[in-house]
Amino acid sequence: MTEVNKPPNEPPRLGGWTRFVTARPRLSLLVALVITALAVVAGSGVADRLGSGGWEDPDAQSTYATKALEREFPDSQPNFLLLLDSGSASVDAPAVAAEARSLTARLAAEPGVTGVGSYWQADAATAPSLRAKDGHEALIAARITGDEGTMSDTLDRMAPHFRGTHGPVEVKVGGIVAVRHEMQTIIKEDLARAELIALPVTLVLLVMVFGSAVAALLPLGIGIVAILGTNAVLRGLTELTDVSVFAINLTTALGLGLAVDYALFIVRRFREELSGGAEPLQAVGTTLRTAGRTVLFSALTVAVSLAAMLVFPQYFLRSFAYAGIAVVLLAAAAALILLPAALILLGHRVDALDLRRLFRRRRSGPAATEAASASAPAGSGEKGRAWARLATLVMRRAPFFALATTAVLVLLGLPFLSVKFGTADDRQLPSTSESHVVQQHIRDGFPGSPGGGLEVLAEGRATPAQYTAYKDRLAALPEVVRVDGPLVKGDSAYFTVTPKGEAVGDDAQRLVGDLRATDAPFDTKVTGTAAVLVDSKHAIAERLPWAAGFIAVVTLFLVFLLTGSVLIPIQAVVLNALSLSAMFGAVVWVFQDGHLSGLLGFTSTGSIETTLPVLMFCVAFGLSMDYGVFLLSRIKEEYDRTGDHNEAVRHGLQRTGGLITAAAVILAVVMVAIGTSRVTNTKMLGLGIALAVLMDAMIVRGLLVPAVMRLTGKATWWAPGPLRRFHERFGLSEGEGQRLRGAGNATSHDEPADRDGDGSPHESGGIRALR
């Protein structure tokens with residue numbers, strides 16, 4: 001069968017973009033090599049310039065109060081601790097006290113250090129909180145000044161001089177500066193290890209998918225280019241704004257994963273065209289007009305999901321948007337510019353070092369044929385027929401598969417209903433890390449709720465009587481254990497309020513609201529761990545509808561441009577969101593409730609850091625849309641060609657089921673490698689998204705989507721007249737084959753016309769140029 005008004009053997013015309021990409025392939029690759037080398041130089045040392053904070057709202061009341069206290073009362077905000085362990089002796093023993101005072105004096109003399117205090121110099125009210133209940137440990141506290149980079153440099157310079165044995169005491173270094181510094185160091189080490197794991201495993205999987213070592217190296221090269229380019233982008237952004245060190249993990253995972261996705265799609269289509277008799281230039285042209293269009297469209301949908309994080313004020317989330325958008329666009333650009341140039345130069349040599357052919361030389365007969373087909377391109381041979389049979393089975397029992405799959409996904413997501421939000425602390429680190437050990441000793445052995453105190457900043461002139469009256473009102477609040485202060489300096493003062501229960505528990509969070517609602521004759525601002533959490537939760541809750549609305553509206557519009565349907569975009573958004581339920585349920589069951597904590601090697605805090613679910617949703621939703629676009633583009637192409645809804649769904653799953661599964665497995669391997677991190681948030685991000693990707697590719701795309709599309713039938717493709725005309729003018733699609741019309745041309749579901757040698761419908765030839 002040939003298309004209307006098109007000679008069957010006429011090669012497709014090269015569109016403007018295709019001519020641009022294929023005109024000088026050697027020059028394109030040379031320019032890319034030079035740019036990549038420059039990116040290596042520009043991005044060098046990027047990890048050292050990234051921050052380890054960013055969870056707080058910069059415009060919140062707690063942030064303002066924290067900065068004001070740091071400026072006016074540095075003693076109130078210690079961020080560096082020395083834990084002195086006197087062994088079997090008491091911390092009050094003369095020799096221990098003398099050594100402790102000497103260390104305190106040395107610390108006070110260090111440049112960049114202020115507000116030094118210790119148990120041995122504290123007043124009667126403060127001293128008990130700096131001494132362990134067993135009398136064998138005590139603290140020296142101080143504040144390291146400057147930005148994150150300066151504080152890190154100061155810590156590196158002086159920590160070795162204080163850490164270790166000093167006479168009768170053993171000293172360990174802790175505090176928030178040490179926690180963040182150790183976190184940054186561990187993330188860099190873990191990232192290097194993850195890359196050493198992910199790259200060779202990915203290469204092996206690609207060789208298994210393609211059967212050719214040369215073809216397998218192409219996606220890996222595209223991924224490396226995307227990662228190096230994004231590192232350079234992040235390095236430039238650090239000159240303008242704060243960027244989280246956690247973002248570099250996303251750069252590696254998405255850069256490698258999406259580059260593999262896009263290159264799989266393009267190389268597979270190119271090989272299909274070559275096997276159909278096309279010349280390399282013609283094959284690249286067809287590939288760009290088909291798979292290239294889908295890759296571009298897919299990259300836009302992923303970038304939209306990641307861009308939603310720009311709505312939030314926390315630079316932790318915004319950093320992932322910066323990194324994610326950059327790596328997605330660079331991966332797509334490399335796949336659409338560099339990869340076609342490489343394919344033109346390679347031509348039929350893309351199958352060089354064909355391991356299947358080498359394998360067949362050693363073996364003969366049916367066993368060898370079966371082994372060779374095992375690594376054949378997705379959609380062809382026995383694997384393609386298996387996906388076609390699955391689609392037929394699912395559509396034949398569509399109500400059962402739709403209800404059963406939905407029920408399973410909802411059931412897996414139920415643990416998320418009991419989610420508790422908290423803040424990131426030292427327990428993100430391995431239990432053996434020094435700063436974690438220090439903080440754990442303080443939690444377990446020191447009185448009160450270390451780190452859980454709330455500070456109330458009072459600004460404005462007041463009399464001693466007014467301060468006393470206000471203090472009495474604070475002390476009368478039901479969640480308050482003790483109120484200390486005020487410490488007055490000029491027109492400012494601050495009170496320290498000790499809450500009941502845990503530092504960020506429900507009582508402490510309620511107390512934040514009560515403190516802010518308490519009448520005072522001066523302006524008051526409340527900060528502290530619980531206050532930061534309350535403000536962060538408020539900032540996310542306030543902006544979450546905007547972020548979700550942005551993702552939904554833009555996704556609906558983009559999927560409409562792809563399909564011309566009103567119902568399919570709604571299905572895509574709902575099913576994608578449903579596919580994430582297993583990820584969120586697993587996050588709570590494992591990381592909040594602590595199941596598998598011994599096996600996975602982390603310390604459960606009983607809560608999930610507030611920003612993590614937002615980050616995981618945006619990333620996983622974008623990746624789900626990535627696979628959804630691959631599937632929908634093939635379904636739409638076949639429906640345009642035949643007008644047979646059921647056959648289009650079957651054909652789409654046959655042609656992309658193996659491809660999507662292979663891409664998902666490779667991306668999951670990369671995310672699991674990231675999930676081997678010793679930092680809990682990174683572990684949660686990697687393992688959670690790996691689970692979401694596998695569930696989406698294998699359960700949602702393989703079972704739920706075909707079942708739902710079978711239930712909606714041809715109504716799936718309905719759109720009102722004005723929207724239909726809009727799509728005809730502005731719509732995007734991978735294929736533009738003319739739909740068969742008339743009774744004589746109609747194809748039935750049982751006997752579709754024009755099949756390839758493996759029994760699958762052949763590809764449509766009329767494709768719009770990628771522009």
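The following exercises, each with a worked solution, concern a predicted model of a protein chain.

**Exercise 1.** Determine whether leucine 33 is buried or exposed, and state in which helix leucine 33 is found.

*Solution.* Begin with the location: leucine 33 belongs to helix α2, which covers residues 25-42. Next, consider the cut-off, by which a residue is exposed over 50% relative accessible area. The relative accessibility of leucine 33 is 58%, and therefore leucine 33 counts as exposed.

**Exercise 2.** Find out why the distance between the end C-alpha atoms of helix α18 agrees with its number of residues.

*Solution.* First, note that helix α18 comprises residues 529-563, which makes 35 residues. The expected span is 1.5 Å times one less than the number of residues. The helix should therefore span 51 Å, and the end C-alpha atoms lie 49 Å apart, in agreement with this value. Then examine the course of the helix: α18 has a kink of about 40° at arginine 543, shortly before proline 545. Lastly, glycine 564 follows α18 and has a positive phi, near 75°.

**Exercise 3.** Describe the protein chain as a whole: how many helices and strands are there, and what percentage of the residues count as buried?

*Solution.* Start with the secondary structure, which consists of 25 helices and 11 strands. Proceed to burial: 55% of the 771 residues count as buried.

Technical notes: Residues are numbered from 1 along each chain as its sequence is written. This is a predicted model: local features need pLDDT of at least 70, side-chain atom pairs count only at pLDDT 80 or more; totals for chains, interfaces and linings use all residues. Side-chain values use heavy atoms; hydrogens and water are left out. Helices (H or I, at least four residues) and strands (E, at least two) are DSSP runs, numbered from the N terminus. Buried means under 20% relative accessible area, exposed over 50%, partly exposed in between (1.4 Å probe, protein chains only). The bend at a residue is the angle between axes fitted to the seven residues ending there and the seven starting there.
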